[in-house]
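This report is meant for someone meeting the structure for the first time. Please keep the sequence and the three-dimensional view at hand while reading.

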Amino acid sequence: MALRWTRDRRCGRRATRERWKRFCSRSGGTELDGARTRRLTWTFFPNSQMGNQRARSRGLRHGTRNLFSRGHREHGTLNTTTYLRTFRVGDYVDIKVNSAQQKGMPYLQYQGRTGQVWNVTPRAVGVEINKQIGGRIARKRIHVRIEHVQHSRCREDFIARREANDKAHHEAHLAGKKITTKREVTGQPRTGFTLENVKSELLTPIPYDILREGMKY
Amino acid sequence: MGKRRQKRKSQSVAKTTAYQSRYQVKFARRRLGKTDYQARQRLITQDKNKYNSPKYRFVVRFTNRDVVCQVVYATLSGDVTICAAYSHELPKYGMKAGLTNYAATYATGLLCARRLLTKYGLADAYEGKTEDLGEDYHVEQGDEEARPFKCFLDTGLVRTSTGARVFAALKGAVDGGLDIPHNEKRFAGYDLQDKSHDPDTLERYIKGGVVAEYAEEMQEEEPEKFEQHFAKYLAEDFDPTELEDAMEEVFEAIREDPTHEKKERVKPADAGRKFKLPKMTYEEKKANLKAKLEALRAAA
């Protein structure tokens with residue numbers, strides 16, 4: 001995210017939260033009744049205390065000076081392979097903005113996101129992305145020109161493993177054997193390295209038991 | 001000895017290390033001046049909702065002594081040529097000289113089109129045009145099930161002015177039966193002021209009538225210049241003044257048998273020759289050095 005240079009220390013998210021806590025404890029506990037809460041809340045958040053809201057721009061491409069800039073010696077005409085790739089509904093794609101093409105750019109928040117293709121148009125694809133809004137995750141459907149989209153390799157590993165497993169299962173089936181292809185936790189780091197004198201414990205959560213826990217309050 | 005030629009320094013830019021480290025080269029084919037990437041992008045990009053359907057383009061390129069017509073489509077691993085015709089094949093069909101003139105490029109376009117349609121079995125369905133070649137003609141789907149073969153003209157870096165030879169090749173291909181969207185605006189015989197097309201002029205150009213006229217004139221007025229200018233024609237016994245009739249026969253011959261005879265690949269005499277000299281072994285280098293020292297000692 002872009003750095004914010006001019007920010008009053010009182011106005012940060014954490015600072016505001018601390019202030020609200022102090023304000024609540026001063027005005028008689030965390031439980032405020034309805035009307036009183038509303039009145040007091042508005043005294044807590046008068047405009048001037050939230051800092052100068054005007055100091056930040058909210059334009060479409062705000063804060064993208066570096067994010068959308070082309071790399072060193074990567075300016076100019078796009079290579080033709082960008083236009084030769086095909087996308088099918090259901091493909092996983094990464095969104096990576098290419099500012100050499102100003103049309104069909106996704107909003108800056110979608111940079112680096114991965115989603116599935118849900119629609120294919122002549123020059124763009126529709127991508128379905130999970131976006132966290134507050135406490136929930138919403139499925140957002142956006143249309144993005146193909147210059148800003150790349151095939152994702154997130155499924156590559158899984159699909160290769162699945163293929164290998166299917167093959168192994170089939171061969172085992174023909175041979176009349178049973179095999180497990182589940183991945184195991186070995187406790188060892190990646191290939192080429194080993195840990196010695198390692199004692200590993202597998203932790204799992206225990207099922208909730210109300211009798212054991214008892215009533216807390 | 002001679003004066004050492006002074007290396008010309010760049011007038012506009014000082015090539016410091018900063019320049020070298022920041023300079024971004026253009027694409028290789030752009031550096032060679034062979035590909036117009038803007039045009040290429042637009043010719044190649046297929047609608048994404050047409051997925052893997054290839055987008056064919058009718059490529060016309062000119063060299064100093066040859067005309068190349070190809071039907072090409074682009075893939076991730078490179079362009080694929082599905083059909084090609086060269087004007088140096090025209091002697092086989094009866095055109096012995098003048099292989100880069102308007103008539104020759106028309107014939108090459110025609111040859112490419114007929115060759116392609118024969119290859120895909122569309123030759124009978126889409127015959128194109130054999131008469132009134134100057135008239136504006138667009139291929140239409142007849143009662144046949146197969147739609148006409150559609151491709152788009154790729155001019156390359158040619159200046160697309162009215163009467164350019166590129167459009168002769170285009171006309172040849174269209175008259176041969178390919179569906180190439182075009183406008184008569186750039187054909188020879190189009191009057192830019194009146195905005196009207198003269199089919200007779202175009203037909204004259206296609207059949208080489210202009211060349212024939214010029215040849216006749218020259219023959220009458222300056223016979224020595226004629227001998228010199230049309231030397232290749234005369235050497236092949238190909239009368240330039242009779243070019244129009246000759247071209248009609250050439251077009252007929254092309255339509256009769258457009259298939260390409262594959263020449264057998266023959267390995268060259270020095271096939272397998274290694275151009276990279278193997279490095280000397282350590283022993284060889286030592287022996288070499290020894291011999292050199294002996295020679296020096298002996299000379300001294």
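This is a predicted model: local features need pLDDT of at least 70, side-chain atom pairs count only at pLDDT 80 or more; totals for chains, interfaces and linings use all residues.

Which side chain meets that of D154(B) in a salt bridge?

## Salt bridges in chain B

The side chain of D154(B) meets that of R57(B), with a distance of 2.8 Å from N to O. D154(B) belongs to strand β4 of chain B and R57(B) to strand β1 of chain B, so the pair ties together parts that are 97 residues apart in sequence. D154(B) is buried, with a relative accessible area of 8%, and R57(B) counts as buried too, at 7% relative accessibility.

Over all chains, the structure holds 18 salt bridges. One of them joins R297(B) and E294(B) at 3.6 Å, N to O, and these two residues lie in helix α11 (residues 282–299) of chain B, three residues apart, or about one turn of the helix. R297(B) counts as exposed because its relative accessibility is 60%, whereas E294(B), at 48%, counts as partly exposed. Salt bridges that share partners also join R40(B), R57(B), R61(B), D79(B) and D154(B) into one network.

## Helix α5 of chain B

Helix α5 of chain B covers residues 165–176, and its 12 residues, at 1.5 Å a residue, should span 16 Å; the end C-alpha atoms are 17 Å apart, which agrees. This helix is mostly covered, since 11 of its 12 residues are buried. Among the buried residues are V166(B), F167(B), L170(B) and V174(B), and the buried residues of the helix pack against β1 (57–62), β2 (67–75), α4, β4 (152–154), α6 and α10 of chain B.

An α-helix has 3.6 residues a turn, so residues three or four places apart point the same way. K171(B) counts as buried at 1% relative accessibility, and D175(B) counts as buried at 0%. After the helix comes G177(B), whose phi is positive, near 120 degrees.

## Helix α10 of chain B

Helix α10 of chain B runs over residues 243–256, and its 14 residues, at 1.5 Å a residue, should span 20 Å, in agreement with end C-alpha atoms that are 20 Å apart. Its buried residues are L243(B), A246(B), M247(B), V250(B), F251(B) and I254(B). They cover an arc of only 140 degrees around the axis, which puts them on the same side of α10(B).

On the other side of α10(B), E249(B), E252(B) and E256(B) are exposed. The cover over the buried residues includes α4 (102–119), α6 (199–206), α7 (209–221) and α9 (231–235) of chain B.

Most residues other than glycine have a negative phi, and most peptide bonds are trans. Against that background, D132(B) has a positive phi of about 50 degrees although it is not a glycine; it is found in the loop between α4 and β4 of chain B and, at 46% relative accessibility, counts as partly exposed. D237(B) likewise has a positive phi, of about 60 degrees, although it is not a glycine; it is found in the loop between α9 and α10 of chain B and counts as exposed, at 72% relative accessibility.

Y19(B), in helix α1 (residues 17–22) of chain B, is partly exposed, with a relative accessible area of 24%. Leaving aside neighbours within four places in sequence, Y19(B) is in contact with V13(B) and A14(B).

## Chain A

The secondary structure of chain A comes to five helices and five strands, and from the N terminus on its elements run α-α-α-β-β-β-β-β-α-α. Buried residues make up 22% of its 217 residues. Of the contacts in chain A with a separation of 6 or more, 54% are between residues 24 or more positions apart. Chain A exposes about 17800 Å², of which carbon and sulfur atoms supply 50%.

On this surface, Y208(A), I210(A), L211(A) and M215(A) make a nonpolar patch of about 580 Å². Of these, I210(A) has its place in helix α5 (residues 210–213) of chain A and counts as partly exposed, at 48% relative accessibility.

Methods
Residues are numbered from 1 along each chain as its sequence is written. Chains are lettered from A and ligands numbered from 1 in the order in which they are written. Side-chain values use heavy atoms; hydrogens and water are left out. Patches are made of residues with over 30% relative accessible area and no salt bridge: like charges are joined within 9 Å, nonpolar side chains (Val, Leu, Ile, Met, Phe, Trp, Tyr) within 5 Å. Accessible areas come from the Shrake-Rupley method with a 1.4 Å probe; for residues, only the protein chains shown count as cover. A salt bridge is a side-chain nitrogen of Lys or Arg within 4 Å of a carboxyl oxygen of Asp or Glu. Helices (H or I, at least four residues) and strands (E, at least two) are DSSP runs, numbered from the N terminus. Buried means under 20% relative accessible area, exposed over 50%, partly exposed in between (1.4 Å probe, protein chains only). The expected span of a helix is 1.5 Å times one less than its number of residues. The arc is that of the directions from the helix axis to the C-beta atoms. Contact means heavy atoms within 4.5 Å.
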